[in-house]
Amino acid sequence: HGLYDCVEAMIYSECIKVLKPHRRMFLAAMGAMELTEEDLGRIIMVGNNLKRDIRGANLAGITSVYLDWTPRYPKHPADEYEVPDYTIHEPLELIELVDKLEAELDARWESKR
């Protein structure tokens, strides 16, 4: 489907020696894109698995977006670390959410000037 052309970096657990939700997976992805902890306010993790994706993002300090569209995984958080910052139900909803988050980030930057 040509998705690989849209991906800047791919991180494999075999290379990192840990599995999601381990924080090191998320830090490795940030490092591969030359992002630091200073960039955390503008990074989002979109995932469909509360345990691996949302927990990992939350533990790494990354804004978590739960894509609630598959019956494959549990849909209720096991604890507070699995509670997403945002929930979307279809991939295209991400566009509107990102626009909203960018506007909020821009407003915060303007208020600091």
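By class, the lining of the largest pocket has 25 nonpolar, two polar and five charged residues. Nonpolar here covers Ala, Val, Leu, Ile, Met, Phe, Trp, Tyr, Cys and Pro; charged covers Asp, Glu, Lys and Arg; the others, Gly among them, are polar. Before I go on: this is a predicted model, local features need pLDDT of at least 70, side-chain atom pairs count only at pLDDT 80 or more, and totals for chains, interfaces and linings use all residues. Numbering starts from 1 along each chain as its sequence is written, and side-chain values use heavy atoms, with hydrogens and water left out.

Back to that pocket. Its lining has 32 residues, with Val7, Ala9, Lys20, Met45 and Val46 nearest the centre. A pocket, on a 1 Å grid over the protein atoms alone, is an open set of points where a 1.4 Å probe fits, with protein on both sides within 12 Å along at least five of seven lines; lining residues have an atom within 4 Å of a point. The volume is about 1,300 Å³. That is the space filled by probe spheres set on the points, with grid points joined across faces, edges and corners. α2, β1 (44-47) and α3 each supply at least two lining residues. Those labels are DSSP runs numbered from the N terminus: helices are H or I, at least four residues, and strands are E, at least two.

The second largest pocket has about 300 Å³. Helix α4 (residues 93-112) gives the largest share of its lining, six residues. By class, that lining has five nonpolar, two polar and four charged residues. Among them are Arg42, Tyr86, Glu102 and Arg108.

Now the cores. The largest nonpolar core has 11 residues, including Val18, Phe26, Leu40, Met45 and Ala60. A nonpolar core is a set of buried Ala, Val, Leu, Ile, Met, Phe, Trp, Tyr and Cys residues joined through side-chain atoms within 4.5 Å. Buried means under 20% relative accessible area, exposed over 50%, partly exposed in between, with a 1.4 Å probe and protein chains only. α2 (23-32) and α3 (50-60) each supply at least two residues of this core. α2 gives the most, with three. Apart from it lies another core, of five residues, among them Val65, Leu67, Ile88 and Leu101.

Next, α3. Its buried residues are Leu50, Asp53, Ile54, Arg55, Gly56, Ala57 and Ala60. Their cover includes α2, β1 and β2. Contact means heavy atoms within 4.5 Å. What caps the N-terminal end of α3? Asparagine 49 does, with a side-chain oxygen 3.0 Å from the backbone nitrogen of lysine 51. The side chain of asparagine 49 also has a polar atom 2.8 Å from the backbone nitrogen of arginine 52. The polar contact rule: N or O atoms within 3.5 Å; within protein, one must be able to donate a hydrogen and the other to accept it, and residues adjacent in sequence count only if both atoms are side-chain atoms. Why is asparagine 49 counted as buried? Because its relative accessibility is 6%. After α3 comes glycine 61, whose phi is positive, near 80°.

Last stop, aspartate 85. It sits in the loop between β2 (63-67) and β3 (86-88). Aspartate 85 is partly exposed, at 43% relative accessible area. Its side chain reaches the backbone nitrogen of serine 64 at 2.8 Å.
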